Each structure stands twice: as C-alpha cells, then as structure tokens.
Amino acid sequence: MYNPAFLAFPKLQFLLRSAWSMAHNDLANRGVEQRRSKRIPCALRVDLVEGRSKRTVTSVDVSRHGIFLGTTEPPRERYLVQLSIHLPDGPLAGTAYVSRSSAREAGGETGVGLQFFALSAQSNERWDNFILEVSGSDR
C-alpha cells in the first residue's frame, strides 16, 4: 500500500493540522461554503488504515477532491490516513487528510470526510475518470 515518508514526521503533521484548523475556523465562522467540488452519492468499499489499524468501511458520497465514509468510529480530525478505494477497475491506493467528522444530524450520515493528499498522477487520473463516469459528465 502507498506509504509516503512524510507520515513518519509528526512535526509536518502538526503544521498541516494547525494550518488547516486556522483556515477552516476562519471560513466556518464566516459561513463560507468550503467544498471545492460537487458530492455524488456512491457506495464503494474502502480499506482505511490508521497507524497499525485497518478496517473496511463504505463510502456515502464521492467528489473530485475527496470522499465521505460512513463510520461510527471516525479517525481523528486533521490526521493523515491511508486508504484503498475499491473502484470497478481495481483498488486505488492513496493518502487522505481527515477534514471533518460528523454525527447524525437532521437525517445526515455519521462518518468522516477525507480530502485526498498527494495522490500519484496515475491515481489522480483514475479517480478523475471514475468521477466523470459516476457523475454522468462528458469531458
């Protein structure tokens, strides 16, 4: 599975978490929509790896820049996790940033929002093609 070296550097993770937190809080306090791309409902099997722990969950929706996973035990916010998304043409491995956790609210799903981080060019192209296919969009 994809295992970038920067996951071993806690100071880098701390800096990423701090920067994200400041930007997120500022935008959230102003009521600004923070999503960069449209969500598409889609159930995919996803292997989620946090440290030495691995579990399988199901996606609720997908977008060009991330994925929302249904889980009652979300990973900690602002941490990096590894994942393997089981696409129709085979698994797609990558790293993602835990951008938010949510509890069931007003009919919403309980789960975790992940933003892709440092996908390889090949993985990024495969994901973009998948998103175009499930969204029904033409290039």
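## Surface and overall make-up

The accessible surface of the chain comes to about 8400 Å², and 51% of that surface belongs to carbon and sulfur atoms. These values come from a predicted model, and the descriptions that follow should be read with that in mind. Of the 139 residues in the chain, 38% are buried.

The secondary structure consists of two helices and seven strands, and when the chain is read along its sequence these elements follow the pattern α-β-β-β-β-β-β-β-α. Contacts across the sequence can also be described: if one takes the contacts between residues at least 6 apart in sequence, 55% of them join residues at least 24 apart.

## How strand β2 pairs with β3 and β5

Strand β2 pairs with β3 in the antiparallel sense, over six bridges, and β2 also runs antiparallel to β5, to which it is joined by four bridges.

## The nonpolar core

Which residues have the most contacts inside the largest nonpolar core? This core has 23 residues, and those with the most contacts inside it are Val62, Ile67, Ile85, Leu114 and Trp127. The elements that give two or more residues to the core are β2 (45-50), β3, β4 (66-70), β5, β6, β7 (111-117) and α2, and β5 gives the most, with four residues. In soluble globular proteins, nonpolar side chains tend to be buried together.

Leaving aside residues up to four places away in sequence, Ile85 touches Leu44, Arg45, Val46, Ile67, Gly90, Pro91, Leu92, Phe116 and Trp127.

## Salt bridges

Side chains of opposite charge can pair when their charged atoms come close. The structure holds four salt bridges, and one of them is formed by the side chains of Arg39 and Asp61, at 3.6 Å from N to O. This pair links distant parts of the chain, with Arg39 in the loop between α1 (10-29) and β1 (40-41) and Asp61 in strand β3 (residues 53-63), 22 residues apart. Are the two partners buried or exposed? Arg39 has 32% relative accessibility and therefore counts as partly exposed, whereas Asp61, with a relative accessible area of 11%, is buried.

Another salt bridge brings together the side chains of Glu50 and Arg55, at 2.8 Å from N to O, and Glu50 counts as partly exposed because its relative accessibility is 24%. A further one joins the side chains of Asp89 and Arg126, at 2.7 Å from N to O. Here too the pair links distant parts of the chain, since Asp89 lies in the loop between β5 (80-87) and β6 (90-102) while Arg126 is in helix α2 (residues 121-135), 37 residues apart. Asp89 is exposed, because its relative accessible area is 59%.

## Loop residues with positive phi

Phi of Arg78 is near 70 degrees, which is a positive value in a residue other than glycine, and Arg78 is found in the loop between β4 and β5. Arg78 counts as partly exposed because its relative accessibility is 28%.

Ala118 is not a glycine either, yet its phi is positive, at about 60 degrees. Ala118 lies in the loop between β7 and α2, and with 39% relative accessibility it counts as partly exposed.

## A residue of helix α2

Gln122 is found in helix α2, and it counts as exposed because its relative accessibility is 59%. Gln122 and Leu92 are 30 residues apart in sequence, and in space they are 9.5 Å apart, from C-alpha to C-alpha. Leu92 is also one of the residues that Ile85 touches.

Terms used:
Residues numbered from 1 in each chain as written. Predicted model: local features only at pLDDT ≥ 70, side-chain atom pairs only at ≥ 80, totals over all residues. Heavy atoms only, no water. Buried < 20%, exposed > 50% of the residue type's maximum accessible area, 1.4 Å probe, protein only. Core = buried A, V, L, I, M, F, W, Y, C linked by side-chain atoms within 4.5 Å. Contact = heavy atoms within 4.5 Å. Areas by Shrake-Rupley, 256 points an atom, 1.4 Å probe, with all protein chains shown as cover. Pairing = 2+ DSSP bridges.
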